[in-house]
Amino acid sequence: MKIVVLEADSVGRDVSYDAMKRFGEVVCYDSTPNDKILERIQDADIVIPNKCLITGQILVQAPKVKLIAESATGYNNIDVDYCHANGIAVTNVSGYSTDAVAQHTFALLLSLNNHMAYYSDYVNSAAYSQQASFTNVSNIFLDLAGKTMGIIGLGAIGKKVAEIATAFGMKVIYHSVSGHAQDVSYACVSFEEILKKSDVLSIHTPLTEKTRGLINKAALKQMKNTAVLINVARGPIVVEKDLVEALNEGQIAAAGLDVFETEPLPETSPLLGIQDKDKLLLTPHIAWGSYEARSNLIQEGVLNIQSFLDGGDRNRV
């Protein structure tokens with residue numbers, strides 16, 4: 001059996017696919033451009049993509065493929081309808097990075113709220129060494145305790161964020177895009193209410209037709225001018241040009257983004273032209289990527305393959 005890993009670099013080369021060798025030959029490519037996908041999977045039995053587009057037009061020319069084991073939660077890069085119609089199993093991995101994403105949510109929030117880059121630069125510039133006072137509180141920051149954390153999407157990650165926010169002494173409210181309230185101690189509120197009441201608005205909902213462009217100009221205008229927006233979910237949920245305008249005009253105080261409308265972020269992105277860069281913290285889609293989470297991702301993939309070979313349907317989509 002031949003297993004082809006198309007995008008090993010997306011998971012990191014410090015974690016190993018060696019556990020898959022018990023199933024057969026494992027061929028790892030650092031990355032795979034679209035025009036090389038067919039060539040690389042043509043004689044494969046199992047394909048492991050991350051973002052590569054696995055279309056029906058490609059699969060019809062790769063008749064040996066029996067399983068596509070997506071090394072991510074989202075699988076919209078795979079033509080699932082073709083797979084179902086042609087007896088190709090598709091699996092994904094979920095829940096492997098809950099702790100990492102929640103942790104990164106607060107890394108962004110704390111860095112923005114406490115102006116960590118500003119104060120670090122102040123010390124490193126030697127300005128601190130030259131001042132008379134032992135301290136410098138010129139860039140005002142606030143206690144999180146007593147503030148309202150608004151969470152859009154109370155899935156596993158949203159719940160973890162809510163737990164951490166509660167530990168900070170924050171009040172938690174949430175909005176369900178689907179309209180289904182959960183049996184939790186947090187208040188489920190309307191979209192308009194979460195915009196108006198949140199001191200921190202954190203997005204943890206999937207990208208759907210309902211959530212695409214959800215945080216747009218009209219939404220941002222309803223937020224507090226002291227509010228912080230965090231998006232570690234999916235880039236297209238936030239309209240980037242509207243966010244930049246809101247930050248430039250002081251409609252909200254700051255934003256932390258780990259995901260973008262287009263990835264990698266284009267050099268022409270409006271996000272890179274913001275007037276006050278201290279208001280915007282950007283990271284390159286790494287919230288999911290702690291060492292432990294990436295190790296879990298591969299191990300879950302191994303378990304998915306084993307289940308498939310044993311006739312099971314673990315994480316089948």
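These legends go with close-up views of a predicted model.

**View 1. A five-stranded open sheet with parallel pairing.** Reading across, the strands come in the order S2-S1-S3-S4-S5. S2 (25-28) and S5 (89-91) are the edge strands; each has a single partner strand, so one side of each goes without a neighbour in the sheet. From one strand to the next, the twist averages 15°.

**View 2. Strands S3 and S4, with helix H12 lying across them.** S3 (residues 46-48) and S4 (residues 67-69) run in the parallel sense and pair over two bridges. Look for valine 47, which sits opposite isoleucine 68 of S4. Helix H12 (residues 291-309) lies across S3, S4 and S5, and its direction is at about 160° to S4.

**View 3. An edge-to-face pair, tyrosine 96 with tryptophan 288.** The structure has four aromatic pairs. In the one shown here, the ring centres are 6.5 Å apart and the planes make an angle of 75°. Tyrosine 96 comes from the loop between S5 and H5, while tryptophan 288 comes from the loop between strand S12 (280-282) and H12, so the pair ties together parts that are 192 residues apart in sequence.

**View 4. Helix H5 packed against helix H8.** H5 (residues 98-113) and H8 (residues 156-167) meet at an angle of about 50°, and their axes are 9 Å apart. That angle makes H5 oblique to H8. As for handedness, the crossing is right-handed. On the H5 side, the contact is made by Thr98, Asp99, Val101, Ala102, Thr105 and Phe106. H8 brings Ala156, Ile157, Lys160, Val161, Ile164 and Ala165. Sorted by class, that gives eight nonpolar, two polar and two charged residues.

**View 5. A seven-stranded open sheet, again with parallel pairing.** Here the order is S8-S7-S6-S9-S10-S11-S12. S8 (187-188) and S12 take the edges, each pairing on one side only. H8 packs on this sheet too, where it touches strand S6 (148-152) and strand S7 (171-175). The direction of H8 makes about 175° with that of S6.

**View 6. Strands S10 and S11, and helix H11 across them.** S10 (residues 228-231) pairs with S11 (residues 254-257) in the parallel sense, over four bridges. Helix H11 (residues 240-248) lies across S10, S11 and S12, running at about 150° to S11.

Notes: Residues are numbered from 1 along each chain as its sequence is written. This is a predicted model: local features need pLDDT of at least 70, side-chain atom pairs count only at pLDDT 80 or more; totals for chains, interfaces and linings use all residues. Side-chain values use heavy atoms; hydrogens and water are left out. Two strands pair if DSSP finds at least two bridges between them. Axes are lines fitted to C-alpha atoms, for helices over the stretch in contact, and angles run from 0 to 180 degrees between N-to-C directions. Contact means heavy atoms within 4.5 Å. Angles under 35 degrees count as roughly parallel, over 145 as roughly antiparallel, 65 to 115 as roughly perpendicular and the rest as oblique. A crossing is left-handed if the near helix is turned anticlockwise from the far one by less than a right angle, and right-handed if clockwise. Ala, Val, Leu, Ile, Met, Phe, Trp, Tyr, Cys and Pro count as nonpolar, Asp, Glu, Lys and Arg as charged, and the others, Gly among them, as polar. Rings of Phe, Tyr and Trp (its six-membered ring) pair if their centres lie within 6.5 Å; planes under 30 degrees apart count as stacked, over 60 as edge-to-face and the rest as tilted.
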